[in-house]
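Keep the sequence and the 3D view open side by side as you read.

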Amino acid sequence: INKMSSTEPIIRSRQTEKEVNGISTQVVCTEFSNYIFVVLTQYGKIGTLMSVTPDSRSNDISTPMFSTKVLLGKDEV
């Protein structure tokens with residue numbers, strides 16, 4: 001019998017709901033081994049899936065820069 005030594009879940013997730021500009025907004029953050037998956041919705045579904053990564057080209061540590069890439073959905077530049 002193979003028993004897991006830890007009771008910690010394999011995938012950790014947190015969620016909350018707050019009002020943003022009068023609109024109910026849900027946020028779900030799910031931690032995987034090499035990334036964090038964040039869902040923000042005001043419609044109860046995913047519309048556009050984007051990848052956001054820290055930009056290593058930024059020389060100013062006080063102003064973080066990020067690169068974005070649309071993976072699924074409309075790319076609104």
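Is Thr68 buried or exposed? Thr68 counts as exposed, because its relative accessibility is 54%; exposed means over 50% relative accessible area, buried under 20%, and partly exposed in between (1.4 Å probe, protein chains only). This is a predicted model, in which local features need pLDDT of at least 70 and side-chain atom pairs count only at pLDDT 80 or more, while totals for chains, interfaces and linings use all residues. Residues are numbered from 1 along each chain as its sequence is written, and side-chain values use heavy atoms, with hydrogens and water left out.

**The sheet**

- Let's begin with an open sheet of 3 strands, ordered E1-E2-E3 with antiparallel pairing; strands (E, at least two residues) are DSSP runs, numbered from the N terminus, and two of them pair if DSSP finds at least two bridges between them.
- Strand E1 (12-20) and E3 stand at the edges with a single partner strand each, so one side of each has no neighbour in the sheet.
- On average, neighbouring strands of this sheet are turned by 15 degrees against each other, direction ignored; the axes behind such angles are lines fitted to C-alpha atoms, and angles run from 0 to 180 degrees between N-to-C directions.
- Strands of a sheet pair through backbone hydrogen bonds, either parallel or antiparallel.
- E1 and E2 run antiparallel and are joined by 9 bridges; Val20 has Ile23 as its bridge partner in E2.
- E2 is also joined to strand E3 (residues 36-41), by 6 bridges and again antiparallel, and Val27 has Leu40 as its bridge partner in E3.
- E2 and E3 form a hairpin, with 4 residues between them.

**A salt bridge across strands**

- The count comes to 1 salt bridge, meaning a side-chain nitrogen of Lys or Arg within 4 Å of a carboxyl oxygen of Asp or Glu.
- In this salt bridge the side chains of Glu31 and Arg12 meet at 2.5 Å, N to O.
- Glu31 belongs to strand E2 and Arg12 to strand E1, so the pair ties together parts that are 19 residues apart in sequence.
- Glu31 is partly exposed at 34% relative accessibility, and Arg12 is partly exposed at 39%.

**Thr25, a buried residue in E2**

- You can find Thr25 in strand E2 (residues 23-31), where Thr25 counts as buried because its relative accessibility is 9%.
- The side chain of Thr25 makes a polar contact with the side chain of Gln42 at 2.8 Å; such a contact is a pair of N or O atoms within 3.5 Å, and within protein one must be able to donate a hydrogen and the other to accept it, with residues adjacent in sequence counting only if both atoms are side-chain atoms.
- The Thr25 side chain also reaches the backbone oxygen of Ile23, at 3.1 Å.
- Beyond its neighbours within four places in sequence, Thr25 is in contact (heavy atoms within 4.5 Å) with residues including Thr16, Val20 and Thr41.

**Around strand E5**

- Asp55 lies in the loop between strand E4 (49-54) and strand E5 (66-72), and Asp55 is buried, with a relative accessible area of 17%.
- Phe66 is in strand E5; Phe66 and Val52 are 14 residues apart in sequence, yet their C-alpha atoms are 6.4 Å apart.
- Thr68 also has its place in strand E5, and its C-alpha atom is separated by 6.6 Å from that of Thr53, 15 residues apart along the chain.
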